[in-house]
Amino acid sequence: MNFELSEELRMLKDMACKFAQNEIAPIARDCDEHERYTPEIRIKAAEQGLVGAWISEDYGGAGVGVLGNTLISEEVSRVDMGIGLNICAASFGCEALYYYGTEEQKQAYLPPVCRGEQVSAGAFTEPNAGTDVAGYKTRAVRDGDDFVINGTKTFITNGSVCHWMVLQCITNPEEKRHQSFSQVIVPADSPGITRNKIRGKMGIRASDTAEIAFEDVRVPAANLLGSEKRGFYQLMHFFDVTRIMVAGQAVGLSRACIDESIKYAKERTAFGTPIGSFQATMTKLTDMATRLEALRNLVYKAAWLVDSGKPDYHLAAMAKYFGGETAVFCANAAVEIHGGYGYIDEYNVQRFYRDAKILELYEGTKEAEIMTIGRYLQS
Amino acid sequence: MHLVVCVKQAPDTEALIKLKPDGSGIEEAGIKWVMNPYDEYAVEEALRLKEKNGGDVTIVSLGPARAMESIRTALAMGADKGIHISDPSLDRADAFVAASALAAAIKSLPHDIILCGQRAIDDDSGQVGSILAELLGVPQLTIIMKLEVAGGVAKAVKAIEGAQVVLESALPCVVTAQKGLNEPRYASLPGIMKAKKKPVDVKNAAALGISVEQKARIIKMMPPPQRAAGKIIQGDDPEAKARELVRLLREEAKVI
């Protein structure tokens, strides 16, 4: 057994850490306050190979695998989860292309994303169905050589800034529910698409989120991604991989909470002694650090298994589930350790507290993860 | 243009340094090691010279097995090949022994410009670049903030108290890099993936034929003395307080 990262992965982690400190830290607070998306950081990150790093070299990526990508996700999220998403999720949706696209589709869509020139998105969630993937209503009707799309998607990461998206839609309503879906690649500038940026998010405010309406949007039938009627299954597999990236965000955010808390516990005094000398503070720090360590090992293992060709998707679900819980726990403890200062935006932990919660909501709610894991355990 | 860069691995600037109980050195366990920041400027400058003039960049590093990490980082930034001088007998080398080892390795390489950091942030000795130039019998341009190379001449700018000095030297020469020389690039991800395929020669003291005695020896390392608590001058009368402040600065602190 070997718990060491390889030399390349260590170097990658160091570089991502340095990049985040130099490029993200100075603007994090401002982007959070003004809900500012950061195309310039995405382009700079792409120059270093950080965007779509998991994509193989054949399609413009760096070929660092899911573990490498998870390390990037951890390091950038440690500084700011919102801006971090603008790097790690700039290729969101590309997973579907990578696993199910034709050679031609991969060559056309993946390299521009890796170069930072284009942004992709996954248009899945709808106003009335998120985790309930089989409840989506958006419809694509075959008309000659085209699909004609109607429907509404919401909470779409990169929604208003993306160049193309992978759309989850019903193509075969006559089939059983799970067999009625397909995935289609839709250019974002197609006539009939209306995109509205969603404002007022509690956290990850530098990340772009939008509602997208489709009104008689035409795309060539050749834009079908993977197999017709297999959309539901393709999407399930998609989340199995992207969940690990989200779990990596949880590792980064939890680490950030612990780092800030340790620093503050040593500086701040109460009753004439640093607050870190009180057992109540030590309990918080110990619980945070122990959970983080357990989470990191779970996440790295889930990622490593994918890269080793032995994916365990229940472990990935556990990593995501425990990740969200750990991040929320650590952010809460960090605010408590900071007291009143943790409640104002002068201190980073206030932002971390708001950012953490999304980890229990997106990419499958924690309740959905529990159902996945719970069913598996009894299967 | 053949460029050689000497690189040293040093503790991260944010690492918490603890001394060994016997004062013989620092506790190395748990320390994060990085490329000496001044050496990063040297690597970056060499890469820029190569991009402008063509040629190759060779990294030379003296240090234990872990020093390979810094060589790989430089290769990931874009250097072409490395030489790792690794020998337990050289682990505690002083500036003279270190420069001798580097000189022995560099002599066998084609070299137009040899770049070093102006000093390493660990022992702060700042002598290796100069001794290296002496041992190689080439001119040295030290603590350089700007470098231009054209027509076989290196033109360099160095900051001195209240002014700048412009120096010129024939090639080959040694240049030591100061902060401000450039903004080092990141070791990009494609660079990191390529670095593992680039050649690094590992050489020991015998292979380089080094047998020199060190000239300096560390007798003991001690932590800096703890700062005494400050003194607050009490009172209501500003004039009296100012008078007392001046008296203390003059008689106790002896700074005015």
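A salt bridge here is a side-chain nitrogen of Lys or Arg within 4 Å of a carboxyl oxygen of Asp or Glu. The legends below describe close-up views of a predicted model.

**View 1. The interface of chain B and chain A, with 5 salt bridges found across it by the rule.** Chain A puts 21 residues into the contact. Chain B puts in 15 residues. About 1,400 Å² of area is buried between the two chains. Carbon and sulfur atoms give 63% of that area. Side chains of opposite charge can pair when their charged atoms come close. One pair to look at joins Arg10(A) and Glu69(B). Their side chains meet in a salt bridge at 3.7 Å, N to O. That value lies within the 4 Å cut-off.

**View 2. The salt bridge of Glu75(A) and Arg255(A).** Over all chains the structure holds 45 salt bridges. In this one, the side chains of Glu75(A) and Arg255(A) meet at 3.0 Å, N to O. Why does the pair tie together parts that are 180 residues apart in sequence? Glu75(A) lies in helix 4 of chain A and Arg255(A) lies in helix 8 of chain A, so the pair links those separated parts.

**View 3. The largest cavity, with a volume of about 80 Å³.** Rolling a probe the size of a water molecule over the atoms shows where empty space is left. A search of the whole structure finds 1 cavity of 30 Å³ or more. Which residues line the largest cavity? The lining is made by Trp54(A), Val66(A), Asn69(A), Thr70(A), Glu95(A), Val241(A), Thr242(A) and Met245(A). Helix 4 (65-79) and helix 8 (231-267) of chain A are the elements that give two or more residues to this lining. By class, the lining has 4 nonpolar, 3 polar and 1 charged residues. Two domains of chain A, domain 1 (7-114) and domain 3 (233-377), each supply at least three lining residues.

**View 4. The interface of domain 2 and domain 3 of chain A, where the rule finds 0 salt bridges.** The domain assignment of chain A gives domain 1 (7-114), domain 2 (120-229) and domain 3 (233-377). How far apart do the C-alpha centres of domain 2 and domain 3 of chain A lie? They are 30 Å apart. In the contact, 16 residues of domain 2 meet 14 residues of domain 3. The area buried between these two domains is about 1,100 Å². Carbon and sulfur atoms give 62% of it.

**View 5. The backbone at Lys229(A), where phi has a positive value.** Phi of Lys229(A) is near 75 degrees, in a residue other than glycine. Where is the place of Lys229(A)? Lys229(A) sits in the loop between strand 8 (224-225) and helix 8 of chain A.

**View 6. The cis peptide bond of Leu171(B) and Pro172(B).** Omega of this bond is about -5 degrees. Pro172(B) belongs to the loop between strand 9 (163-170) and strand 10 (173-177) of chain B.

Note on methods: Residues are numbered from 1 along each chain as its sequence is written. Chains are lettered from A and ligands numbered from 1 in the order in which they are written. This is a predicted model: local features need pLDDT of at least 70, side-chain atom pairs count only at pLDDT 80 or more; totals for chains, interfaces and linings use all residues. Side-chain values use heavy atoms; hydrogens and water are left out. On a 1 Å grid over the protein atoms alone, a cavity is a set of points where a 1.4 Å probe fits but cannot get out, and a pocket is an open set with protein on both sides within 12 Å along at least five of seven lines; lining residues have an atom within 4 Å of a point. Grid points are joined across faces, edges and corners, and a volume is the space filled by probe spheres set on the points. Helices (H or I, at least four residues) and strands (E, at least two) are DSSP runs, numbered from the N terminus. Ala, Val, Leu, Ile, Met, Phe, Trp, Tyr, Cys and Pro count as nonpolar, Asp, Glu, Lys and Arg as charged, and the others, Gly among them, as polar. Domain bounds come from an automatic or database domain assignment. Contact means heavy atoms within 4.5 Å. Buried area is the accessible area (1.4 Å probe) that two parts lose on being put together, summed over both.
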